[in-house]
Amino acid sequence: MIRRATAVAHPNIALAKYWGKAEGEGNVPAVPSLSVTLSLPDARLATTTTVTFGDSFTEDTLVLNGTTAEGRPLERVVALLDRVRAEAKTKTRAHVTSSNDFPTASGLASSASGFAALALASTRALGLDWPAERVADCARRSSASAARSIFGGFVELDAMFCRAVAPPSTLDLRVLVAVTTEAQKATSSTDGMILTQKTSPYYKAWLEDAPRNFRAMRAALLEDDFVRVGELAERSALAMHACAMAAGVVYVGGGTLAALAEVRAMRAAGMAAYATMDAGPHLKCLVRAADAEVATARLAAVPGVLRVLVASPAEGATVRAEREETP
Ligand code: DP6
């Protein structure tokens, strides 16, 4: 028998950052985070993943963006499939195809949308009709930020619990992604976090500050206070990067800092523009929809910025197709 499902998910960026893992198993974040799920017009900026479980398959296989994948990417997919198989009480192997409609160097991590789409497609293919919170928990164990891509709009992840906080229409927000390099990042977020936890003199301060920042962010969002959300987002990103840098983990480059200076110049000139950066060299600028055009042109003119994508708050992950065939 063949059981198949296809799911689509979008990436997200954290406005209040997760950085560091709680002790013990299960990839539990050490601090709560709050993100916004993002897409481009026509719902582009998506990962589409099809999982086919077949009784005749002898091993799990993965085709990523048209190329057969092995090594670490395949291992991470197999680990998620193993958890789902244990819940469904089956040993059936699967064939997974996953493709992003955005390049790896798009400035937005594909692991969040990738593991969100994989968790949703694999559970549905095996007939597990779980609530979104449980699918998110499954995705979180592979990559914590992936839990947040299960939901649309503004999403919180507090230790193991993930849920939507506010719909995509909240805030009238645009996220301008200033892409600064085509290269892959040198240090994965998992490795960067572990090094930070082990060696940053500021990690303890981060653990104290991040939950406060998260609570203030949540309140500002629910009050629809764009300026406060922007201020807190920039603060969270700078605190995270400062903490990581003190451990020798440097994600920003010359283009990132030049773009950050431009965001601050726009703000000094009166625009509500704020910066955030994840574990990579690209800069994301938060502006109101009405300011997006001017801010995009200004960021695109910054030396070191290759291009700018204009993203908007998006819907959560969805199932596109489900099929069961008996050959
Ligand atoms: C800086 O979710 O990629 O983007 O759980 O180890 O896979 P793992 O880490 P990941 O880390 C994301 C870090 C961040 C901040 C954030 O998204 O909250």
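Here is a short tour of this predicted model, stop by stop, with something to select at each one.

Stop 1: Six of them, in the order 6-5-7-4-1-14, form an open sheet with mixed pairing. Now pick out strand 6 (67-68) and strand 14 (318-325): these stand at the edges with a single partner strand each, so one side of each has no neighbour in the sheet.

Next, select residues 47-54 and 94-100. These are strand 4 and strand 7, which run antiparallel and are joined by 7 bridges. For one of the bridge pairs, show threonine 52, whose partner in strand 7 is histidine 95.

**Stop 2: helices lying across the strands.** Helix 2 lies across strand 1 (2-9), strand 4, strand 7 and strand 14, and its angle to strand 4 is about 35°.

**Stop 3: a covered strand.** Move on to residues 12-16, which make up strand 2. Is this strand mostly covered or uncovered? Mostly covered: 5 of its 5 residues are buried. Strand 2 pairs with strand 3 (residues 33-39) in the antiparallel sense, over 4 bridges. Show alanine 14 and you can look across to its bridge partner in strand 3, serine 35.

**Stop 4: the aromatic pair.** The structure holds 1 aromatic pair. To see it, show the side chains of tryptophan 19 and tyrosine 251: the ring centres are 6.0 Å apart and the planes sit at 90°, so the pair is edge-to-face. Where in the chain do tryptophan 19 and tyrosine 251 come from? Tryptophan 19 is in the loop between strand 2 and strand 3, while tyrosine 251 is in the loop between helix 7 (226-245) and helix 8, so the pair links distant parts of the chain, 232 residues apart. Both partners are tucked away: tryptophan 19 is buried at 2% relative accessible area, and tyrosine 251 counts as buried at 7%.

**Stop 5: two crossing helices.** Finish with residues 254-268 and 292-300, which are helix 8 and helix 9. Their axes come within 10 Å and cross at roughly 145°, and the crossing is right-handed. On the helix 8 side, show Ala259, Glu262, Val263, Ala265 and Met266; on the helix 9 side, show Ala295, Arg298 and Leu299, and you have the contact. Its residues divide into 6 nonpolar, no polar and 2 charged.

Methods
Residues numbered from 1 in each chain as written. Predicted model: local features only at pLDDT ≥ 70, side-chain atom pairs only at ≥ 80, totals over all residues. Heavy atoms only, no water. Axes fitted to C-alpha atoms, helices over the stretch in contact; angles between N-to-C directions. Left-handed = near helix turned anticlockwise from the far one by under 90°. Contact = heavy atoms within 4.5 Å. Nonpolar A, V, L, I, M, F, W, Y, C, P; charged D, E, K, R; others polar. Buried < 20%, exposed > 50% of the residue type's maximum accessible area, 1.4 Å probe, protein only. Pairing = 2+ DSSP bridges. Phe/Tyr/Trp six-rings, centres within 6.5 Å; stacked < 30°, edge-to-face > 60°.
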